[in-house]
Amino acid sequence: MKIYFKKLHNVLKPYYIFVIILAAWIVASRLQIWNTYLLPTPWRVWATFVSMMKRGEIVASVLMSLRRVAAGFAISFALAFSCGVISAFMPALSAYFRHLNNFMRNVPPLSLISLLILWFGIGETSKLIIIVLASFFPMFLNIHQGLCECDRKLVEVGRSLGFSGPKLFVRIYLPYAREDILVGMRTGLGYSWRALIGAEMFAAASGLGYMIVYAQQMSRSDKVIIGIFLIGLIGCISDKLFSVLIRKVCTGGEKT
Amino acid sequence: MSKCKDTIELCSVSKSFQVDGEALWVFRELSLSVPQHEITVVLGKSGCGKTTLLRLIGRLDTDYSGEIHYPVNARTAFVFQEARLMPWLNVWDNITFGLKRREINPGQVEELLSLTGLSGFSRLYPRQLSGGMQQRVSLARALALKPQFLLMDEPFAALDYFTRSNMQEALLNIHRSTNCGVLFVTHSIDEAICLGDRIVIIDHQQVKKVYHLRERAGAEAPLSDSELKEDILQTINS
């Protein structure tokens, strides 16, 4: 029985803090410490959440944001993978782009939003570009590093087995770099999610970011809290999925 | 490039490395025959070019002058000093790593597992194996190619005495059952005497002496192992 409770305690450890925050929120609401405009009560937030779910408002916003992230992330991964491979195997060529890379890496994608709206309007293109810019570099750098750090001794094994260039890449370089690639994708997905919400707050008429900004303009802080909660929750789920995938791919599911 | 039916022939092979702009010669006009069906052991002091010789024959280094002739359709397989297994693959997949999908024969893989004493370990990953087991997987991977020549670069150097002894025994069994030629590089004279049908001493960029151990058995007054060891030591140090 004691062991059972210890196991349960270990599983629940990361969730205690949420219970404490919720309890503090309930107490603060009961004592009416702050105006409900500044901090809506938990039950009001819950009621709003239920009504928004019934109207399909939340599902529509989440789906719209997810669709944008999926499209932007796919484009970004294709670009990052191609550039990562080129830079890893053609270092002489990548030298020409070193400073441009460093420059772009240090420019926050959201700082480009005004220019992008000017050039592309508030349509999908500007948001896709923001996602691509946000997620490209973590993926590119990880793919580049993973391929460059491939154990030369294993490559030599491939050569001794008569593998040609493409076969060496598929059978040795790629599997060797898979952990770095997945870690890059995990980071890139997190970045693209954050950047998208930012972009939707400036230049969109739908999506979770837009939902938060619109709620703020309507003085609906309960909806703002729901939006923040959904963003965090979806981010955590996608991150968890990626960590499971990384473990599955890299260790055959075995915990190391 | 084929010339002899079942022998790898090195004809006047020269090889150098550039060190500080100057050529450092490893071999000059080196000639050597490596017959199939025999275990040829290459012995020499550290840095004399034993590994380089193996790399040239294994086509891992193609920057040399002279000629290397291989028998028609000769397949060579390399066993390195370290096991060099693919960490993301289990034992089974590591053994079949060099084969095309259609070439994989489960019966043959089982046979190799049994030959190398790895039956029952096929689903384990390299990190779950001991050093000796990893080296046996590496040997099985090379044998899966059904090579005519097995090129082995000090494969047992990092193993403890007992594992090394078992591996030597296993190699002799494999050689007897597959009859493939073995070119074995080592710096251990005892290992060379234990395994070799021929011992090739390399020194000063040349083949210094070749001992024919099979013929020794049929000689009128054959050298004992200790006398042979003494002689090899003198040859290397002279």
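**Interface**

In the predicted complex, 15 residues of chain A are in contact with 19 residues of chain B. The two chains bury about 1,600 Å² between them, and 59% of this lies on carbon and sulfur atoms. On the side of chain B, the residues that lose the most area to chain A are R84(B), W88(B) and F97(B), which together account for 38% of what that side buries.

Three salt bridges are counted between chain B and chain A. One of the residues named above, R84(B), forms a salt bridge with E156(A), with the closest N and O atoms 2.8 Å apart. Sorted by class, the side of chain B that touches chain A holds ten nonpolar, three polar and six charged residues.

**Strand pairing in chain B**

Strand β1(B), residues 7-19, pairs with β2(B), residues 22-35, and with β4(B), residues 65-69. The table lists both pairings.

| Strand pair | Sense | Bridges | Bridge partner of L10(B) |
|---|---|---|---|
| β1(B) and β2(B) | antiparallel | ten bridges | L32(B) |
| β1(B) and β4(B) | antiparallel | four bridges | I68(B) |

The strands β1(B) and β2(B) form a hairpin with two residues between them. In this turn, D20(B) has a positive phi of about 50 degrees.

Definitions and conventions. Residues are numbered from 1 along each chain as its sequence is written. Chains are lettered from A and ligands numbered from 1 in the order in which they are written. This is a predicted model: local features need pLDDT of at least 70, side-chain atom pairs count only at pLDDT 80 or more; totals for chains, interfaces and linings use all residues. Side-chain values use heavy atoms; hydrogens and water are left out. Contact means heavy atoms within 4.5 Å. Buried area is the accessible area (1.4 Å probe) that two parts lose on being put together, summed over both. A salt bridge is a side-chain nitrogen of Lys or Arg within 4 Å of a carboxyl oxygen of Asp or Glu. Ala, Val, Leu, Ile, Met, Phe, Trp, Tyr, Cys and Pro count as nonpolar, Asp, Glu, Lys and Arg as charged, and the others, Gly among them, as polar. Two strands pair if DSSP finds at least two bridges between them.
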